Amino acid sequence: MITLIHAHPHPDRSVGSRALLTAVRDLPGLSVRSLYDLYPDLSIDVDAERAALVAARLVIWQHPLYWYGVPALLKLWFESVLTEGWAFGSQRALAGKDCLWVTTTGGARDAFSPGGRHELPFEAFVPPVAQTARFCGMNFLTPIVVYGPHRMAADVLQRHAGDYKALLADYGARHG
């Protein structure tokens with residue numbers, strides 16, 4: 001079972017996130033939880049979210065990179081769902097589960113480099129997300145980053161989406 005937590009505040013305007021989500025949405029054993037669709041009032045059903053996480057072997061956090069981190073609703077989800085006594089501390093309900101971060105950026109790869117628009121390599125922005133997973137006892141897998149999907153050729157974006165689908169299908173086959 002794979003639980004994909006999708007957090008895009010404007011999915012109708014998305015190019016990259018939509019392509020990635022469309023590619024994997026129908027995979028067997030995949031459950032998609034689109035936070036901005038489920039919780040437009042920001043009132044997160046903690047019990048439902050936890051149930052989805054408990055059922056998963058792999059948890060995916062998929063979203064666009066917003067201000068070098070996660071969108072606001074995903075941050076609220078972290079704060080509401082991954083609480084002490086459930087995700088860390090006396091109980092570690094997610095310990096041993098795999099966690100995959102899948103993100104898209106507004107900038108090209110070279111924007112994330114010394115001298116680039118963002119001045120730092122993308123890897124500089126990974127630690128908060130990685131540590132969130134690790135603090136909960138999860139195995140943080142190598143992130144998937146799609147740089148500037150709104151500027152890339154459609155066939156290149158579809159190749160990224162196909163690679164993502166193949167990775168998840170392989171994961172499902174190995175852990176199913």
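The model is a predicted one. A search of the whole structure finds zero disulfides, and helix α6 covers residues 154–175.

**Cysteines**

- The sulfur of C99 has that of C136 as its closest cysteine sulfur, at 8.7 Å, which is too far for a bond.
- A disulfide requires two cysteine sulfur atoms within 2.5 Å.
- C136 is likewise in no disulfide, since the nearest cysteine sulfur, that of C99, is 8.7 Å away.
- C99 counts as buried, with a relative accessibility of 0%.
- C136 is buried as well, its relative accessible area being 3%.

**Helix α6: length**

- Helix α6 consists of 22 residues.
- From the first C-alpha to the last, α6 reaches 31 Å, close to the 32 Å expected at 1.5 Å a residue.

- The buried residues of α6 are L157, A161, Y164, L168 and Y171.
- Viewed down the axis of α6, these buried residues fall within an arc of 85 degrees, so they line one face of the helix.
- An α-helix has 3.6 residues a turn, so residues three or four places apart point the same way.
- D155, D163, A173 and R174 are exposed, on the other side of α6.

**Helix α6: packing partners**

- Among the strands, the buried residues of α6 pack against β1 (2–6), β3 (58–64), β4 (98–105) and β6 (144–147).
- The buried residues of α6 also pack against a helix, α1 (16–24).

Definitions and conventions:
Residues are numbered from 1 along each chain as its sequence is written. This is a predicted model: local features need pLDDT of at least 70, side-chain atom pairs count only at pLDDT 80 or more; totals for chains, interfaces and linings use all residues. Side-chain values use heavy atoms; hydrogens and water are left out. Buried means under 20% relative accessible area, exposed over 50%, partly exposed in between (1.4 Å probe, protein chains only). Helices (H or I, at least four residues) and strands (E, at least two) are DSSP runs, numbered from the N terminus. The expected span of a helix is 1.5 Å times one less than its number of residues. The arc is that of the directions from the helix axis to the C-beta atoms. Contact means heavy atoms within 4.5 Å.
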